[in-house]
Amino acid sequence: MKLCRFNGTRLGCVQGGEVFDVTTALDVLPEVRWPLPARGDLLIRHLGPIRDRVEEVLPEAAIVDIHQVSLDSPVANPTKLIGAPVNYQTHIDEAEADEGIVFDQNVIKPISESLCFLKACSSLVGPGQGVTRSFPDRRTDHELELAVVIGREARSIARERALECVAGYTMGLDMTVRGGEDRSIRKSVDSYSVLGPWLATADEIEDPNNLDLRLRLNGEIRQDSNTRHLIYDVQTLISKCSEFYTLLPGDVIYTGTPAGVGPVKPGDVLECEIEAIGTMRVPVR
Ligand code: MN
C-alpha cells in the first residue's frame, strides 16, 4: 500500500497514479493528550489498524488529482532523522576528489568508524513545500537517498531480524550545506530533509538492497545508481543504530547517497525516482 499525506491534514492512498482521500481512516487513531502516552509517530505506530481501515473506506473514497495536491512528508512526527554518511564507494571517490565536498575534513572517515549522524526533525518537509535554500553564498548540494521508516520499537536488533521492524520505504533528499561545521548542523537547515512522495509499505519492496535510484536536476540526470552498492545495507544500518538508541515508530534512516551530488540554486527542480516507490518533483526556492 502507498500512503501519502497531503494538504496538511489529509491522508491519501495512491493507486494507479491517483490519490484516494482516505482521511476518515484516521478515526482509528487514539485521541491523545499531553504528555503523549507512547513515543514515536502516532500513525506509523498504528499502521496495521490504519491499513485495515483504509481498505474499508477505499471503495467510497473521493479521488483527488495528484497534480492538484500539495504532498507532505509521509511521516509527520518522527523522533529521529538518522543519516548515513559516505555509504557508497562512488560518493567517497567523488568527495575525496572535490575540495568543495570534503572541505576541511582532510580525511573522510569510513562509515565503519563514524556510523551515523542525526538531522534535526525541524528540517523535515514534503515535496509540496520544497527546499528553500539558505546561505546563498555557500554551496548547497542535493543527495538522493533511499529512506527507511521504522515501524516498531527496536533496540539491539540482530541484522537477521532487522527488516521485521520496517514499516516501509520512501525517498529522501539529504540536502547539505558544504562547509566546516558538523554534519548535524549543515544537514539540519529548515527544509533540508525532504521525504516523499509517499510511504510504500514494506510488503511492496521485495529487496530494499536492490533498487534503482535516479535524480534529475532540471531534466538532466545527475545521480543514477542502485542500493545494492550500499556499503552498510539496510539491515546493517538498522542493527548498528539500534545498538545505540531505541528506534521508534516513524524514525527515519536516510541510507546514504551515491555519486553525482552537486549544487542547487533557487528555481531548480529536482526530479527523484526510486524503483518500486515512485517519483517526486521537488522545487528549490
Ligand atoms: Mn547524505
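This is a predicted model: local features need pLDDT of at least 70, side-chain atom pairs count only at pLDDT 80 or more; totals for chains, interfaces and linings use all residues.
Visitor: What area is buried between domain 1 and domain 2, and what share of it do carbon and sulfur atoms give?

Guide: About 1500 Å² is buried between domain 1 and domain 2, and carbon and sulfur atoms give 58% of that area. On the side of domain 1, K2, I44 and L71 supply 39% of the area buried against domain 2, which is more than any other three residues.

Visitor: Why is the pair of R51 and D203 called a salt bridge?

Guide: The term asks for a side-chain nitrogen of Lys or Arg within 4 Å of a carboxyl oxygen of Asp or Glu. Because the closest N and O atoms of R51 and D203 are 2.9 Å apart, and the cut-off is 4 Å, the pair meets the rule. Between domain 1 and domain 2 the count is 3 salt bridges, and across their interface the rule finds 7 residue pairs in polar contact, both residues being at pLDDT 80 or more.

Visitor: Why is S188 called buried?

Guide: S188 has a relative accessibility of 12%, and buried means under 20%, so S188 counts as buried. S188 is found in the loop between α6 (183–186) and β13, where, not counting residues up to four places away in sequence, S188 touches L118, K119, A120 and S123.

Visitor: What makes S188 and S184 a polar contact?

Guide: A polar atom of the side chain of S188 lies 2.6 Å from the backbone oxygen of S184, and this distance is therefore within the cut-off of 3.5 Å.

Visitor: Which residues touch the most other members of the largest nonpolar core?

Guide: In this core of 54 residues they are Y169, L173, I238, L270, C272 and I277. The elements that give two or more residues to this core include β1 (2–6), β11 (166–174) and α7 (234–244), and the core draws at least three residues from each of domain 1 and domain 2. Apart from this core lies another, of 26 residues, among them L58, L124, V149 and Y254.

Technical notes: Residues are numbered from 1 along each chain as its sequence is written. Side-chain values use heavy atoms; hydrogens and water are left out. A nonpolar core is a set of buried Ala, Val, Leu, Ile, Met, Phe, Trp, Tyr and Cys residues joined through side-chain atoms within 4.5 Å. Buried means under 20% relative accessible area, exposed over 50%, partly exposed in between (1.4 Å probe, protein chains only). Helices (H or I, at least four residues) and strands (E, at least two) are DSSP runs, numbered from the N terminus. Domain bounds come from an automatic or database domain assignment. A polar contact is a pair of N or O atoms within 3.5 Å; within protein, one must be able to donate a hydrogen and the other to accept it, and residues adjacent in sequence count only if both atoms are side-chain atoms. Contact means heavy atoms within 4.5 Å. Buried area is the accessible area (1.4 Å probe) that two parts lose on being put together, summed over both.
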